[in-house]
Every structure is written in structure tokens, then in C-alpha cells.
Amino acid sequence: MRFNSSKCYVMHISSGRSTTHFNYKLGGQTLQTVHSYPYLGIHLQDNLKWDTQVAHATTKASRVLGLIKRNLSNCTEQLKVTAYTSLVRPHLEYATPAWDPHLQKHCSQLERVQRNAARFVTHNYSKTEGTVTKLLHDLHWTSLQNRRSASRLTLLYKINQNLIDIPKENFLKPVTLQGLRRMNTQNFQQPACRINAYKYSFFPRTIKECNMLPEGTVNASSINSFKHNLHFD
């Protein structure tokens, strides 16, 4: 249930299986059912998918990129890079540890904005195959997908190191089985998952990736060292 200044809404959460929906009333009025609703800047859906959030993020970022194109077309490459990384990319990465999509169609939608930005920054609109990939490499722009992964891993590091107020004992349980092959000594138990919505949520997905990190990365002495080992800035 969600309230705003004038209306109240209800959203029925389901992973796709048929469920019985009930009507809810407040003050004698039946609450309006919605399939998507923004909460703290993230568009949640009743089917636990991220179509609406990805569309919202890419639309907003593309709108800002268009503004930059109209006003900074004659500026230096460095200024365009600064404009993209400070004004456009944050819209694509806002709170991504909470909604990092795993479907290729969503990843492609997000990457498309960065690829368009690379063409604008370098003023290279060649249709030759591989052009944009080379532009991204020359600009040292890591894929947004890799940046989202690094952002999730960084948040998990902060939780494990008690740098933020999330009780790690509720979510991070060390592996205790002897003789189990590990990539590092900080391995955590991976939650059992039955549906993709949970499998690709923050803790199950990030714990799996964290367990694959080398020893020197997971045992980094500071958050800056951890990010440096991930090649994330």
C-alpha cells in the first residue's frame, strides 16, 4: 500500500503465478490498484520485473544527453566527458544495487545511452562495425553492467566491514564446511533461490560474485583499496 498527499494506491506483488487479488478500502473508499509505482526513485512493478525502471532511467538520461548535445556540441572532448559522467550517467546508475537488471534486453537499453554518448563525445558517427566498442575503449568507459556489479560488490564490502548500518549477521553467514574449494577466505553461504526475482536480487547475486573474488580483493584494508582492485571509480 502506498500513500501520497491526495490518493492511496495498492499494488499486488506476484512473481507471475496466478494469485487471488483482494480489494482494499480506506475511509470507505476502494483503493486504486496499480501495476507500477515509484518508491524512493525506483519504479517497482507488481510482477517483480524492471521494465518500467529501465525505461524511466534511459528516458531521463537520454533527455539530459539531448540537452547536452544541443548546448555543448562545440565544446572540447574533455568537457563533454565531464558532462556525461556527471549529468547523464548518474541517471543510469541511481540506486542500481537495488535494481540491477539481469535480462539482456534491459542491459542493452542502458548501454545504448552510453554508446550514444561515446559517439557524441568523440564526434564519431561512423557506421563501421566495432566503431563504438573502440570508442568506449579509448575513452576508458567500463560497461554499465560491470559498473553495476562493482557497485553491488562495494556495498557488500561496506556491509561486511560494518561501514553502514545494515546488520551483516542477518545476511552474511560464513561457509563453515571443511575441505570446500574456495576462491577466498571470506566465502559466504549463498541463499537458496526458487525464482529469478530473488536469484538476481542483491544478496543472492552479489554473494555469489563476492565468493569468486580473489583473496587480495575481499581482504582489502580500505574501501578505496577494494574499489581499486575492482577497477571501479
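**View 1. The lining of the largest cavity in this predicted model.** The largest cavity, where a cavity is a set of points on a 1 Å grid over the protein atoms alone at which a 1.4 Å probe fits but cannot get out, is lined by Leu153, Leu156, Tyr157, Asn160, Leu172, Gln186, Phe188, Cys210, Val218 and Phe226, lining residues being those with an atom within 4 Å of a point. Eight of these lining residues are nonpolar, two are polar and none is charged. Helix 6 (residues 144-160) gives the most to this lining, with four residues, a helix being a DSSP run of H or I with at least four residues.

**View 2. The largest nonpolar core.** Two or more residues each come from helix 1 (51-72), helix 2 (77-93), helix 4 (104-122) and helix 5 (131-139), and helix 1 supplies the largest share, seven residues.

**View 3. The surroundings of Val88.** Leaving aside neighbours within four places in sequence, Val88 is in contact (heavy atoms within 4.5 Å) with Ala61, Val64, Leu65, Ile68, Ala83 and Val113.

**Notes.** Residues are numbered from 1 along each chain as its sequence is written, and side-chain values use heavy atoms, with hydrogens and water left out. In this predicted model, local features need pLDDT of at least 70 and side-chain atom pairs count only at pLDDT 80 or more, whereas totals for chains, interfaces and linings use all residues.

Conventions: A nonpolar core is a set of buried Ala, Val, Leu, Ile, Met, Phe, Trp, Tyr and Cys residues joined through side-chain atoms within 4.5 Å. Buried means under 20% relative accessible area, exposed over 50%, partly exposed in between (1.4 Å probe, protein chains only). On a 1 Å grid over the protein atoms alone, a cavity is a set of points where a 1.4 Å probe fits but cannot get out, and a pocket is an open set with protein on both sides within 12 Å along at least five of seven lines; lining residues have an atom within 4 Å of a point. Ala, Val, Leu, Ile, Met, Phe, Trp, Tyr, Cys and Pro count as nonpolar, Asp, Glu, Lys and Arg as charged, and the others, Gly among them, as polar.
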